[in-house]
Amino acid sequence: MKRIVYEGQSYGCSENETVLECLNSHGVPIPSSCKAGVCQTCLMRATKGNLPPESQKGLKPTLAEQNYFLACSCRPIDDMEISTPEPGQGKIPAKVIGIEPLNSDIVCVKLNPDIPFQYRAGQYINFFKDAATSRSYSLASVARLDDCIKLHVRRIPRGTVSTWIHESLAPGDRVDISEAIGDCFYVPGNPEQGLLLIGTGSGLAPLYGIIRDALADGHKGPIRLYHGSLNVEGLYLIEELRKLSLEHENFSYSPCISEGEAPEGFYQGIVLDVALKQTGTLSGWRVYLCGNPDMVNAAKKKTFLAGASMRDIYADPFVPAAS
Amino acid sequence: MSDTLYDKIGGDAAVNVAVDIFYRKVLADDRISRFFDGVDMDRQAAKQKAFLTMAFGGPNKYTGEDMRRGHAHLVAKGLNDSHFDAVMENIAATLTELNVPGDLIAQAAAIAESTRKDVLGK
Ligand SMILES: Cc1cc2nc3c(=O)[nH]c(=O)nc-3n(C[C@H](O)[C@H](O)[C@H](O)COP(=O)(O)OP(=O)(O)OC[C@H]3O[C@@H](n4cnc5c(N)ncnc54)[C@H](O)[C@@H]3O)c2cc1C
Ligand code: HEM
């Protein structure tokens with residue numbers, strides 16, 4: 001018999017019983033539906049113990065890598081500690097080591113966590129202004145390339161946390177952040193696959209991390225970045241990205257302007273439209289979408305209809321916090 | 001193991017391919033897209049996979065009661081026989097696109113058809 005620890009309680013799981021059956025038979029309610037490893041309603045995460053491969057069948061690679069599994073298909077092969085996915089609650093103390101402008105609205109916040117901090121470029125953290133107030137910000141840095149964590153924070157008029165970061169936070173300050181969360185990141189394997197990345201505003205943050213991560217991993221397929229804003233002033237890292245595209249033949253950078261005439265070197269139009277028009281069919285491509293929620297949700301649907309498989313679409317809509 | 005319809009169609013791998021094709025058809029079908037147009041497409045895709053696995057006679061533990069409960073919120077939004085027919089068409093078109101032989105398509109259609117009363121809450 002294997003032991004399953006869930007929310008501080010330990011349960012015995014008999015031979016041939018699934019984690020879902022075990023917890024339910026002990027009166028622990030876990031949401032489920034198909035009980036056949038398909039609908040993914042009973043998604044859980046293992047913090048200890050090896051997982052049987054069939055319990056991760058059909059999951060996105062980024063979820064599998066973080067030890068998510070389906071409770072209905074998991075007959076434990078180890079003692080396990082498991083949780084329901086409610087990540088982002090842990091608090092890790094960190095020191096602010098720099099705040100630098102990227103353009104007139106966006107700053108780069110550099111952080112050094114006090115303890116070793118594991119993350120994948122493109123994931124995000126919850127950033128605490130105080131014990132009760134936090135907002136999500138994406139990781140623009142790459143663990144194996146950068147010696148600190150970098151966030152790109154856009155100032156939202158009267159925004160509680162972003163305005164505080166822009167106006168009050170200073171190098172030397174100490175803050176709390178959560179562990180890294182989210183499944184919008186680069187997974188190695190399939191180095192020939194085309195990568196399409198579309199972002200608006202500070203939605204470039206996770207994409208910048210993902211691109212540098214993929215290039216450092218030796219990704220060989222085309223990597224196409226489309227970054228959009230109203231005007232040239234809304235874009236940033238333009239020189240860095242142009243330089244990156246000169247250094248890597250397979251990386252292309254298309255900055256897009258939705259208002260007014262586009263100067264030389266920029267595209268005129270809504271970033272999603274420009275990207276879809278230039279790439280055509282997306283069958284076989286992997287797609288990353290970040291930033292404005294309306295853009296991201298429209299892009300999910302349109303890139304899927306253009307041929308990308310649902311399993312290959314990764315998206316982080318920057319939804320405002322519920323007030 | 002004897003070959004079930006699900007095995008003959010190609011099992012889990014075939015359903016994975018079928019889901020993308022089916023879901024694309026459904027989203028592009030003005031008659032029914034509104035029922036599927038959830039914001040969370042990932043969750044929807046997983047559910048559509050459960051849907052097709054069932055229609056292909058694959059492993060599932062859904063009961064008629066589950067189908068009733070699972071579609072009740074759609075019936076409340078006006079789901080009726082014409083929408084059910086449209087879904088049946090899309091299932092057949094998906095299988096045709098995958099070059100599944102006609103007799104197997106007919107079997108899948110029969111399984112899906114058998115859920116009509118429950119799905120429509122009749
Ligand atoms: C997964 C995820 C990743 C994110 N990553 C980043 C990131 O890398 N960089 C970044 O800058 N932001 C990112 N965000 C957005 C960020 O978490 C906050 O929502 C944003 O900074 C606003 O918080 P605030 O406290 O300043 O404003 P709030 O006090 O929460 O909001 C103030 C007012 O502004 C409105 N508002 C909020 N956001 C916007 C907006 N974008 N445009 C117009 N009005 C708005 C609110 O509805 C509210 O009325 C991310 C969000 C998510 C969910
Ligand atoms: C043809 C027979 C049908 C079968 C066998 C079937 C089967 C299923 C199954 C197994 C699920 C997953 C339930 C779950 O695990 O939560 C599901 C969900 C769903 N079905 Fe059907 N279905 C059928 C017809 C239809 C029709 C006609 C429509 C609408 C036009 C429809 C729309 C949906 C939607 C939108 C969901 C997701 C609901 C949610 O988000 O909770 N289905 N279906």
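In this predicted model, an oxygen atom of ligand 1 lies 2.7 Å from an N or O atom in the side chain of Tyr137(A). Such a pairing falls under the heading of a polar contact, defined as a pair of N or O atoms within 3.5 Å; within protein, one must be able to donate a hydrogen and the other to accept it, and residues adjacent in sequence count only if both atoms are side-chain atoms. An oxygen atom of ligand 1 is also 3.0 Å from a polar backbone atom of Ser138(A), and a polar side-chain atom of Ser202(A) is 3.0 Å from an oxygen atom of ligand 1. Taken alone, ligand 1 exposes 950 Å², of which the protein buries 73%; accessible areas come from the Shrake-Rupley method with a 1.4 Å probe, and for residues only the protein chains shown count as cover.

The model is predicted, and local features need pLDDT of at least 70, side-chain atom pairs count only at pLDDT 80 or more, and totals for chains, interfaces and linings use all residues. Residues are numbered from 1 along each chain as its sequence is written, chains are lettered from A and ligands numbered from 1 in the order in which they are written, and side-chain values use heavy atoms, with hydrogens and water left out.

The shell around ligand 1 holds 20 residues, and those that come nearest are Ser136(A), Tyr137(A), Thr160(A), Val161(A) and Ser162(A). A residue counts as near a molecule or strand if one of its heavy atoms lies within 4 Å of it. Strand S9 (133-138), strand S10 (149-154) and helix H3 (160-167) of chain A are the elements that give two or more residues to this shell, and S9(A) gives the most, with four residues. Helices (H or I, at least four residues) and strands (E, at least two) are DSSP runs, numbered from the N terminus. By class, the shell around ligand 1 comprises 10 nonpolar, seven polar and three charged residues; Ala, Val, Leu, Ile, Met, Phe, Trp, Tyr, Cys and Pro count as nonpolar, Asp, Glu, Lys and Arg as charged, and the others, Gly among them, as polar.

Ligand 2 lies between chains A and B. It is surrounded by 22 residues, the closest being Ser33(A), Phe35(B), Lys47(B), Tyr62(B) and His71(B). An oxygen atom of ligand 2 is 2.5 Å from an N or O atom in the side chain of Tyr62(B), and a polar side-chain atom of Gln44(B) lies 3.3 Å from an oxygen atom of ligand 2. For His71(B), a polar side-chain atom lies 2.9 Å from a nitrogen atom of ligand 2.

Several single residues complete the picture. Asp213(A) belongs to helix H4 (residues 204-216) of chain A and is buried, with a relative accessible area of 3%. Buried means under 20% relative accessible area, exposed over 50%, and partly exposed in between (1.4 Å probe, protein chains only). The side chain of Asp213(A) makes a polar contact of 2.7 Å with the side chain of Arg144(A).

Ala94(A), in strand S6 (residues 92-101) of chain A, is buried at a relative accessible area of 0%. Ala94(A) and Leu111(A) are 17 residues apart in sequence and 6.3 Å apart in space, C-alpha to C-alpha. In chain B, Leu5(B) lies in helix H1 (residues 5-9) and counts as buried at 9% relative accessibility.

Two loop residues of chain A have positive phi values. Arg158(A), in the loop between S10 and H3 of chain A, has a phi near 60°, a positive value in a residue other than glycine, and Arg158(A) is exposed, with a relative accessible area of 79%. Asn190(A) has a positive phi of about 60° although it is not a glycine; Asn190(A) lies in the loop between strand S11 (174-177) and strand S12 (195-200) of chain A and counts as partly exposed at 46% relative accessibility.
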